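Please keep the sequence and the model in view while reading.

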Amino acid sequence: MSKILMALFLLAMSVQVIKPLGLPGLRQRRDFWKIAVFAIAVMMITVLVRP
């Protein structure tokens, strides 16, 4: 599951660099780092929750 999430986040970051997604907070190409920070947070939560 975590590998699928990382693949989706990498895809979202690459799309953001090519053409901005237009979501609130992601309107410019340089905002791809926000997706990376969110991905790191999600990975930390999954590691903490995993038994």
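The accessible surface of the protein amounts to about 4200 Å², and 77% of this area belongs to carbon and sulfur atoms. Accessible areas come from the Shrake-Rupley method with a 1.4 Å probe, and for residues only the protein chains shown count as cover. The model is predicted: local features need pLDDT of at least 70, side-chain atom pairs count only at pLDDT 80 or more, and totals for chains, interfaces and linings use all residues. Residues are numbered from 1 along each chain as its sequence is written, and side-chain values use heavy atoms, with hydrogens and water left out.

The protein contains 2 helices and 0 strands; these are DSSP runs, numbered from the N terminus, with helices (H or I) of at least four residues and strands (E) of at least two. Its C-alpha trace spans about 40 × 15 × 15 Å along the principal axes. Of the 51 residues, 18% are buried, where buried means under 20% relative accessible area, exposed over 50%, and partly exposed in between (1.4 Å probe, protein chains only).

UniProt, in an unreviewed entry, places the feature "transmembrane region" at residues 32-49; such positions follow the numbering used here, feature names are shortened, and annotations may be inferred rather than shown by experiment. The span 32-49 is 100% helix and 0% strand, and its end C-alpha atoms lie 26 Å apart.

Val15 belongs to helix H1, which comprises residues 2-18. With a relative accessible area of 33%, Val15 is partly exposed. Leaving aside residues up to four places away in sequence, Val15 touches Pro20 and Leu21, a contact being heavy atoms within 4.5 Å.
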